[in-house]
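Work through these exercises with the sequence and the 3D view side by side. Try each task before you read its solution.

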Amino acid sequence: MPPDISFRSTVRAERLRFTDEPRTAVRFTGTGERASLSRSDRDNLPEKVVPGEDYHDVTVDYRLETRLLEEPGRARSDDENE
């Protein structure tokens, strides 16, 4: 099944420097069970960056997808919870 929401973005930088170590989080709030994916592919940028270090010719491709596993507003019956 295709995702209900799909987001993709590409960011490029000639030079990138972090003053602090980044704190990132992805949260899918709301009700209902879902299958989700959050992924980034990086060129010239390590998974853990060093504050104050310059990174050159950086590309980050980011992808986020989520899909509800049941119909919205559908309450589970007692039989389904067992």
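A pocket is an open set of grid points where a 1.4 Å probe fits, with protein on both sides within 12 Å along at least five of seven lines; its lining residues have an atom within 4 Å of a point. Keep in mind that this is a predicted model.

**Exercise 1. The largest pocket**

Task: Find the residues that lie nearest the centre of the largest pocket, and the elements that line the pocket.

Solution. 
- Step 1. Start with the lining. The largest pocket is lined by 22 residues.
- Step 2. Pick out the centre. P22, T24, S40, R42 and V60 lie nearest to it.
- Step 3. Turn to the elements. β1, β2 and β3 each give two or more residues to the lining.
- Step 4. Find the top contributor. β1 gives the most, with five residues.
- Step 5. The space in the largest pocket is about 550 Å³.

**Exercise 2. The order of the elements**

Task: List the elements of the chain from the N terminus on.

Solution. 
- Step 1. Count by type. The chain has one helix and three strands.
- Step 2. Read along the chain. The elements run β-β-β-α.

**Exercise 3. E65**

Task: Decide whether E65 is buried or exposed, and list what E65 touches.

Solution. 
- Step 1. E65 lies in strand β3 (residues 54-68).
- Step 2. Apply the cut-off. Buried means under 20% relative accessible area. E65 has 18% relative accessibility, so E65 counts as buried.
- Step 3. List the contacts. Leaving out residues up to four places away in sequence, E65 touches P3, I5, S6, R8, F28, A35, S36 and L37.
- Step 4. Link back to the sheet. S6, one of these contacts, is the residue opposite E65.

**Exercise 4. Positive phi**

Task: What is the phi of N44, and what is the phi of D57?

Solution. 
- Step 1. Recall the background. Most residues other than glycine have a negative phi.
- Step 2. Read N44. Its phi is positive, about 65°, although N44 is not a glycine.
- Step 3. Read D57. Its phi is also positive, about 50°, and D57 is not a glycine either.
- Step 4. N44 is in the loop between β2 (34-43) and β3. D57 is in strand β3.
- Step 5. N44 counts as partly exposed, because its relative accessibility is 48%. D57 has a relative accessible area of 54%, so D57 is exposed.

**Exercise 5. The whole chain**

Task: What percentage of the residues of the chain count as buried?

Solution. 
- Step 1. Take the chain of 82 residues. Of these, 11% count as buried.
- Step 2. The accessible surface comes to about 7,000 Å², and 45% of it belongs to carbon and sulfur atoms.
- Step 3. Finish with the contacts. Among contacts with a separation of 6 or more, 75% come from residues 24 or more positions apart.

Terms used: Residues numbered from 1 in each chain as written. Predicted model: local features only at pLDDT ≥ 70, side-chain atom pairs only at ≥ 80, totals over all residues. Heavy atoms only, no water. Helix = DSSP H or I, 4+ residues; strand = E, 2+ residues; numbered from the N terminus. Buried < 20%, exposed > 50% of the residue type's maximum accessible area, 1.4 Å probe, protein only. Contact = heavy atoms within 4.5 Å. Pairing = 2+ DSSP bridges. Areas by Shrake-Rupley, 256 points an atom, 1.4 Å probe, with all protein chains shown as cover. 1 Å grid on protein atoms, 1.4 Å probe; cavity = no way out; pocket = protein on both sides within 12 Å on 5 of 7 lines; lining within 4 Å. Points joined across faces, edges and corners; volume = space filled by probe spheres on them.
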